[in-house]
Every structure is written in C-alpha cells, then in structure tokens.
Amino acid sequence: MSTAAVEITPHAVAGEPAPVLLTVEEAARCLRIGRTTCFALIRTGELESLTIGGLRRVPADAPAAYLARRRAEQRAA
C-alpha cells in the first residue's frame, strides 16, 4: 500500500517567488480545514502566526510544522 504525499504549501505563480507568509485562509486551505478552525489553532498557539500592521499572517512553513507535531503526537500515543 502506498502513501500519497500531500503538498501543504501553496504553489508559486510562474515567475514569482514562493510566498513567505500566508493569509489565514491560505493556511486553512493548505491544511484542508476551515477558517474558523485555523483561527482557533492560532489562538491556542498550535499554529504559528504573527501580526503585521493589523493583518494576521502565517509563516509558509508553519502548516508543515503543525502537521509534523501532530503526527509525532499521534505516534507517541
């Protein structure tokens, strides 16, 4: 049985560099969860984010880090 890898980082548009920061909606899409759930993960500190001006942004590597932590927790359980 093979395991398909899931890409959780957004694809860069041709000719543009890959994004460094994601909107909450983009991060939610990467994780295949809803916007409200994504904000809940941010509020609890499970998903890294930062505020720039009045905007909430998620580092592009944060969804993958969150997923890695969750997988490690489930393996340990």
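## Contacts, sheet and charged pairs in a predicted model

Leaving aside residues up to four places away in sequence, alanine 62 touches Leu47 and Glu48. Alanine 62 belongs to helix H3. Its relative accessible area is 3%, so alanine 62 is buried. Along the chain, alanine 62 and glutamate 48 are 14 residues apart, while their C-alpha atoms are separated by 5.8 Å.

The protein has three helices and three strands. Read from the N terminus on, these elements follow the pattern β-α-α-β-β-α. Of the 77 residues, 22% count as buried. The accessible surface comes to about 5600 Å², and carbon and sulfur atoms hold 55% of it. Contacts across the sequence can be summarised too: among those with a separation of 6 or more, 40% are between residues 24 or more positions apart.

The strands come next. They form an open sheet of three strands in the order E1-E3-E2, and the pairing is antiparallel. Which strands stand at the edges? Strand E1 (21–23) and strand E2 (50–52) do, each with a single partner strand, so one side of each has no neighbour in the sheet. From one strand to the next, the twist averages 50°. E1 and strand E3 (residues 55–59) run antiparallel and are joined by three bridges. Across this pairing, leucine 22 stands opposite valine 58 in E3. Helix H1 packs on the sheet, where it touches E1 and E3, and the direction of H1 makes about 90° with that of E1.

The loop between H1 and H2 contains arginine 32. The phi angle of arginine 32 is near 60°, which is a positive value in a residue other than glycine. Is the residue buried or exposed? Arginine 32 is exposed, with a relative accessible area of 63%.

Side chains of opposite charge can pair when their charged atoms come close. How many salt bridges does a search of the whole structure find? The search finds two. In one of them, the side chains of arginine 35 and glutamate 25 meet, with an N to O distance of 2.7 Å. This pair links distant parts of the chain, since arginine 35 lies in helix H2 (residues 35–44) and glutamate 25 in helix H1 (residues 24–31), 10 residues apart. Arginine 35 is partly exposed, at 48% relative accessibility. Glutamate 25 is partly exposed as well, with a relative accessible area of 34%.

Another salt bridge joins glutamate 73 to arginine 70, and here the closest N and O atoms are 3.9 Å apart. That distance can be set beside the cut-off, which asks for a nitrogen within 4 Å of a carboxyl oxygen. Glutamate 73 and arginine 70 both sit in helix H3 (residues 62–76), and because they are three residues apart, about one helical turn separates them. Glutamate 73 counts as partly exposed, at 48% relative accessibility. Arginine 70 is also partly exposed, with a relative accessible area of 34%.

The structure holds zero disulfides. For comparison, a disulfide needs the two sulfur atoms within 2.5 Å. Cysteine 30 is buried, with a relative accessible area of 7%, and cysteine 38 is buried with a value of 0%.

Methods: Residues numbered from 1 in each chain as written. Predicted model: local features only at pLDDT ≥ 70, side-chain atom pairs only at ≥ 80, totals over all residues. Heavy atoms only, no water. Buried < 20%, exposed > 50% of the residue type's maximum accessible area, 1.4 Å probe, protein only. Helix = DSSP H or I, 4+ residues; strand = E, 2+ residues; numbered from the N terminus. Pairing = 2+ DSSP bridges. Axes fitted to C-alpha atoms, helices over the stretch in contact; angles between N-to-C directions. Contact = heavy atoms within 4.5 Å. Areas by Shrake-Rupley, 256 points an atom, 1.4 Å probe, with all protein chains shown as cover.
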